Amino acid sequence: MVGKETMSTPVMQSAGTKTFEIGWVREQFPSLKLQVNGHAAAFLDGPAGTQVPKQVMDAIQNYFVSANANTYGAFLTSRRTNEMILSARAAMADFFNCDANDVVFGPNMTTITFALARAIGRELKAGDEIVVTTLDHDANVAPWRALEEKGVVIRRVDIREADCTLDLDDLKRKISSKTKLVAVGYASNMVGTINPVLEITKLAHAAGALMFVDAVHYAPHGLIDVKALDCDFLVCSPYKFFGPHMGTLYGKREHLQRFKPYKVRPAPDVSPECWETGTQVQELIAGIAAAVDYIAELGRHCDPTVKNRREALLAAYRATHQYETGLMSRLIEGLQTIPGVQIFGITDAKRFDERCSTLSFRLGHHHPTEIATFLGELGIFTWDGNFYALNLSECLGVEQRGGVLRVGLVHYNTAEEVDRLLAALHEFVTK
Ligand SMILES: Cc1ncc(COP(=O)(O)O)c(C=O)c1O
């Protein structure tokens with residue numbers, strides 16, 4: 001539980017042996033000063049896209065001022081654009097723990113995944129199988145389902161509804177020698193469950209299948225390590241981890257070279273560029289590097305002894321994980337005192353390592369849009385609906401009733417915001 005003294009003013013918080021300074025964090029994000037009807041805006045909408053630190057805004061502006069051109073020209077701004085893309089790949093390589101040439105940029109995770117599925121699908125035949133899950137965002141389901149047109153069979157793994165975790169026995173049953181790819185989310189964007197991706201990767205590989213990880217929701221909460229996971233592909237979207245609206249893909253070199261994306265003939269044939277269809281949003285690629293550097297800067301604040309960017313990222317995530325867990329405990333404990341609240345997912349504090357700080361619930365007979373609208377007028381931004389986690393929303397029986405209300409806590413949120421939310425919900429149920 002976060003101490004009461006942290007509730008009104010930005011203070012230092014101990015994160016293990018290191019220090020996490022919420023005041024410094026919030027100063028980096030200009031939009032956090034927004035007011036709504038005289039209330040400070042509380043951005044609890046992070047799972048749909050986080051706010052952006054000034055460093056990211058500056059990098060995008062600087063690109064326009066000093067480097068705006070297309071790639072591979074024989075002049076200054078074009079050369080600068082090429083250099084900027086290389087340094088953004090290097091930043092994402094530190095973020096993923098991979099080589100810079102294994103990083104692909106794209107417009108968003110959904111578009112990247114459709115393109116990759118189409119390329120992988122070129123090598124599949126009728127009767128081949130792909131495993132997806134009930135817990136996933138539809139962007140990690142629909143691109144694979146599109147291959148049903150070729151006769152590919154999609155197997156869907158069930159969840160345990162009581163705690164919204166993947167049913168691993170069912171997963172083991174669904175993976176077989178026919179499985180060519182297993183597509184699993186790292187963390188659920190609706191209920192926050194973190195999946196045992198390492199274990200699932202081993203199961204996929206033991207069956208000779210590729211492992212595709214959707215880390216979009218995990219990326220703002222936990223450090224990604226594709227080497228340790230040994231996954232074949234992993235995607236995430238910088239706009240969910242304090243960067244601009246884009247997507248990124250990690251792919252093992254051998255796969256990026258072997259699978260053939262659909263492309264125009266004059267564009268480079270070599271990976272990773274052959275995967276980057278058309279002209280990229282270069283100004284936003286500049287912003288991606290700045291987002292990674294922002295997280296690293298936070299890490300250096302928490303632990304000045306770190307030696308490189310990867311270590312700085314690790315220090316940042318260690319500190320933010322502990323801070324976010326404190327906020328989440330406070331939120332869950334507080335929600336449980338509100339009459340009629342039904343929380344979906346893990347609520348047992350002993351199991352908080354299995355979840356991140358994104359929480360969904362329903363409140364009595366109330367439609368989630370009604371609650372989100374009430375909160376929105378008080379400057380508290382939450383999301384209502386299914387957030388495209390359609391299979392999960394249907395499985396939990398809420399799809400026909402407006403889905404759920406989702407509160408997303410990231411490292412720039414505060415205990416005071418959690419308390420404001422809880423007070424507003426109490427007011428809502430008693431009004
Ligand atoms: C878990 C998850 N996967 C995939 C997506 C789709 O990402 P994008 O908007 O980059 O296509 C989202 C977006 O909310 C998400 O939360």
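How far is an oxygen atom of the ligand from an N or O atom in the side chain of Asn189? The separation is 3.4 Å. Please bear in mind throughout that this is a predicted model.

**First stop: the ligand**

Select the ligand together with the residues that surround it: Asn108, Met109, Thr110, His137, Ala139, Asn189, Asp214, Val216, His217, Ser237, Tyr239 and Lys240. Ser237 places a polar side-chain atom 2.7 Å from an oxygen atom of the ligand. For Tyr239, the corresponding distance from a polar side-chain atom to a ligand oxygen is 2.4 Å.

**Second stop: a four-stranded sheet**

Next, display the strands E15, E16, E19 and E18, which form an open sheet in that order with antiparallel pairing. The edges are strand E15 (341-344) and strand E18 (383-385), each of which pairs on one side only. From one strand to the next, the twist averages 30 degrees.

Zoom in on E18 and strand E19 (residues 404-408), which are paired in the antiparallel sense over three bridges. Here Trp383 stands opposite Arg406 of E19.

Helix H11 (residues 309-335) lies across E15, strand E16 (358-363) and E19. Relative to E16, helix H11 runs at about 10 degrees.

Select His221, in the loop between strand E12 (210-214) and helix H8 (226-229). Is His221 buried or exposed? His221 counts as buried because its relative accessibility is 7%, below the 20% limit for that class. The side chain of His221 makes a polar contact of 2.7 Å with the side chain of Glu324. Setting aside neighbours within four places in sequence, the residues in contact with His221 are Tyr317, Glu324, Cys356, Ser357, Thr358, Leu409 and Val410.

Across the whole structure, a search finds 21 salt bridges. Several of them can be visited in turn.

Begin with Arg26 and Glu417, whose side chains meet in a salt bridge at 3.4 Å, N to O. This pair links distant parts of the chain, with Arg26 in helix H1 (residues 22-27) and Glu417 in helix H14 (residues 415-430), 391 residues apart. Glu417 counts as buried, at 5% relative accessibility.

Proceed to Arg89 and Glu276, which form a salt bridge of 2.8 Å, N to O, between their side chains. Arg89 belongs to helix H3 (residues 76-96), whereas Glu276 lies in the loop between helix H9 (253-258) and helix H10 (282-302); the two are 187 residues apart. Both Arg89 and Glu276 are buried.

Then select Glu129 and Arg155, whose side chains meet in a salt bridge of 3.1 Å, N to O. Glu129 is in strand E7 (residues 129-133) and Arg155 is in strand E8 (residues 153-157), 26 residues apart. With a relative accessible area of 4%, Glu129 is buried, whereas Arg155 counts as partly exposed at 33% relative accessibility.

Return to the loop between H9 and H10, where Pro272 is found. A cis peptide bond joins Ser271 to Pro272, with omega about 5 degrees.

Two residues other than glycine with positive phi values complete the tour. What is the value of phi at Cys164? Phi there is near 55 degrees. Cys164 occupies the loop between strand E9 (159-160) and strand E10 (165-166), and at 1% relative accessibility Cys164 counts as buried. For Asp230, phi is near 60 degrees. Asp230 is located in the loop between H8 and strand E13 (233-236), and its relative accessibility of 35% makes Asp230 partly exposed.

Methods:
Residues numbered from 1 in each chain as written. Predicted model: local features only at pLDDT ≥ 70, side-chain atom pairs only at ≥ 80, totals over all residues. Heavy atoms only, no water. Pairing = 2+ DSSP bridges. Axes fitted to C-alpha atoms, helices over the stretch in contact; angles between N-to-C directions. Contact = heavy atoms within 4.5 Å. Buried < 20%, exposed > 50% of the residue type's maximum accessible area, 1.4 Å probe, protein only. Polar contact = N/O pair within 3.5 Å; in protein donor to acceptor, adjacent residues only side chain to side chain. Salt bridge = Lys/Arg side-chain N within 4 Å of Asp/Glu carboxyl O. Near = heavy atom within 4 Å.
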